[in-house]
Amino acid sequence: MTLEYLMQYIGIAIFLFLLLLLFKRKDIKRYIPVGLFSIVYANIWCFIAELLSLWSYPTRLFPFLSVVSIPFNYIALPIIVMVWIIYCPYTLKGKIAWGVSWSLLLISIEFIITRYTMILEYKNGFDVHYSFVLWLFSWYIFFKFHNWIHHKA
């Protein structure tokens, strides 16, 4: 087993543990729709990336699925988005700082993964700078979707 596979399995285990911790919250049901939406949203971006050849997943746990990353899109991202929404500040300044800090954290992880492993590979000039902007845009979409589902302004 290569390091890339081991990292993906460990990541799945960590995020499943976090999911168990999240389900202890009494109000978790109100955040599940945004978690499920994040799966659809991420898959759409993966298909766009495949079409435009922006990134790929050279080492996958499920080789027959070449377009999406199952561990990230279906396990890690929904949990990350639910945590992001649950603890998102109320003020606009707080939301911006929250989005920027999470985006920086995730592109730092992406940078390490693209640089030192074969889990994720950027193509055609796509790099962490574009990924940062995409994450900022995505947090806004996730937040607006959550508010729309719960009829908030």
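This is a predicted model: local features need pLDDT of at least 70, side-chain atom pairs count only at pLDDT 80 or more; totals for chains, interfaces and linings use all residues.
1. Helix α4 covers residues 92-116, 25 residues in total. From its first C-alpha to its last the helix reaches 36 Å, close to the 36 Å expected at 1.5 Å a residue.

2. Helix α3 (residues 70-86) also packs with α2, at an angle of about 130 degrees and with the two axes 8 Å apart. The two helices are therefore oblique to each other, and their crossing is right-handed.

3. On the α2 side of this contact are I32, V34, G35, S38, I39, A42, N43 and C46. They meet N73, Y74, L77, P78, V81, M82 and I85 of α3. By type, the contact residues divide into 11 nonpolar, 4 polar and no charged.

4. Y31 lies in the loop between α1 (3-22) and α2 (32-52). Is Y31 buried or exposed? Its relative accessibility is 9%, so Y31 counts as buried, the cut-off for buried being under 20%.

5. Leaving aside neighbours within four places in sequence, Y31 is in contact with M82, I85, I86 and H146. M82 and I85 are also among the α3 residues that meet α2. H146 is 115 residues from Y31 along the chain, yet the C-alpha atoms of the two are separated by 7.5 Å.

Key
Residues are numbered from 1 along each chain as its sequence is written. Side-chain values use heavy atoms; hydrogens and water are left out. Helices (H or I, at least four residues) and strands (E, at least two) are DSSP runs, numbered from the N terminus. Buried means under 20% relative accessible area, exposed over 50%, partly exposed in between (1.4 Å probe, protein chains only). Contact means heavy atoms within 4.5 Å. Axes are lines fitted to C-alpha atoms, for helices over the stretch in contact, and angles run from 0 to 180 degrees between N-to-C directions. Angles under 35 degrees count as roughly parallel, over 145 as roughly antiparallel, 65 to 115 as roughly perpendicular and the rest as oblique. A crossing is left-handed if the near helix is turned anticlockwise from the far one by less than a right angle, and right-handed if clockwise. Ala, Val, Leu, Ile, Met, Phe, Trp, Tyr, Cys and Pro count as nonpolar, Asp, Glu, Lys and Arg as charged, and the others, Gly among them, as polar. The expected span of a helix is 1.5 Å times one less than its number of residues.
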